[in-house]
Amino acid sequence: MSATRTRPRMVAYLDGTPHRIQEVGGKAAGIDLLLRHHYPVPRAAVLTTAAYESAIQSGPLDLLVRDLRLSALPSPEKIAAESAAIERTFLAAPLATPVAAAIA
């Protein structure tokens, strides 16, 4: 008998059913909680934390995250420039295949 390995979900639908912060992130879990309590919040689909992990494990994002974890915090004067550089890297990175497939 072989063990089957389940693939992590890349997309979660926020519809008021409980989602853990560890699965969808804090903002999405908060929106889901509002839906559960019948607040007028639009239902939505979000990329999960597994999708984020999948995305940063490829190419330039993996190197960027590794460098960020090992480096010292930038000085307050350099934070805006560092943040802009990080954002450019994320926006320019190709979407990981499993994430793109889940979105499609």
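Which residues does L35 touch, not counting residues up to four places away in sequence? The views below take up this question and others. This is a predicted model, in which local features need pLDDT of at least 70, side-chain atom pairs count only at pLDDT 80 or more, and totals for chains, interfaces and linings use all residues. Residues are numbered from 1 along each chain as its sequence is written, and side-chain values use heavy atoms, with hydrogens and water left out.

View 1. L35 touches L14, D15, G16, V41, P42 and R43, leaving out residues up to four places away in sequence. Contact means heavy atoms within 4.5 Å. Helices (H or I, at least four residues) and strands (E, at least two) are DSSP runs, numbered from the N terminus. The relative accessible area of L35 is 11%, so L35 is buried. Buried means under 20% relative accessible area, exposed means over 50%, and partly exposed lies in between (1.4 Å probe, protein chains only). D15 is 20 residues from L35 along the chain, yet their C-alpha atoms are separated by 6.3 Å.

**View 2. L14 in strand β1.** Strand β1 covers residues 11-14. L14 is buried, because its relative accessible area is 1%. Its contacts, not counting residues up to four places away in sequence, are H19, A28, I31, D32, L35, R43, A44 and V46. L34 is 20 residues from L14 in sequence and 10.0 Å away in space, C-alpha to C-alpha.

**View 3. T48 in a loop.** T48 sits between β2 (44-47) and α3. With a relative accessible area of 2%, T48 is buried. Beyond residues up to four places away in sequence, T48 touches R9, M10, V11, A12 and E23.

**View 4. The buried residues of helix α3.** They are A51, S54, A55 and I56. These residues pack against β2, α4, α5 and α6 (97-103). Look at S54: its relative accessibility is 16%, so S54 counts as buried. Leaving aside neighbours within four places in sequence, S54 is in contact with M10, A96, P98 and V99.

**View 5. The aromatic pair Y52 and F90.** A pair of aromatic rings is described by the distance of the centres and the angle of the planes. Rings of Phe, Tyr and Trp (its six-membered ring) pair if their centres lie within 6.5 Å; planes under 30 degrees apart count as stacked, over 60 as edge-to-face and the rest as tilted. By this rule the count is one aromatic pair. Y52 and F90 are stacked, at 6.4 Å centre to centre and 5 degrees between the planes. The pair links distant parts of the chain, 38 residues apart: Y52 is in helix α3 (residues 49-56) and F90 in helix α5 (residues 79-92). Y52 is partly exposed, because its relative accessibility is 41%. F90 is also partly exposed, at 31%.

**View 6. Helix α4 against helix α5.** The axes of α4 (residues 59-70) and α5 come within 10 Å and cross at roughly 155 degrees. Axes are lines fitted to C-alpha atoms, for helices over the stretch in contact, and angles run from 0 to 180 degrees between N-to-C directions. The two helices are therefore roughly antiparallel. Angles under 35 degrees count as roughly parallel, over 145 as roughly antiparallel, 65 to 115 as roughly perpendicular and the rest as oblique. L61, L64 and L68 in α4 meet I86, T89 and F90 in α5.
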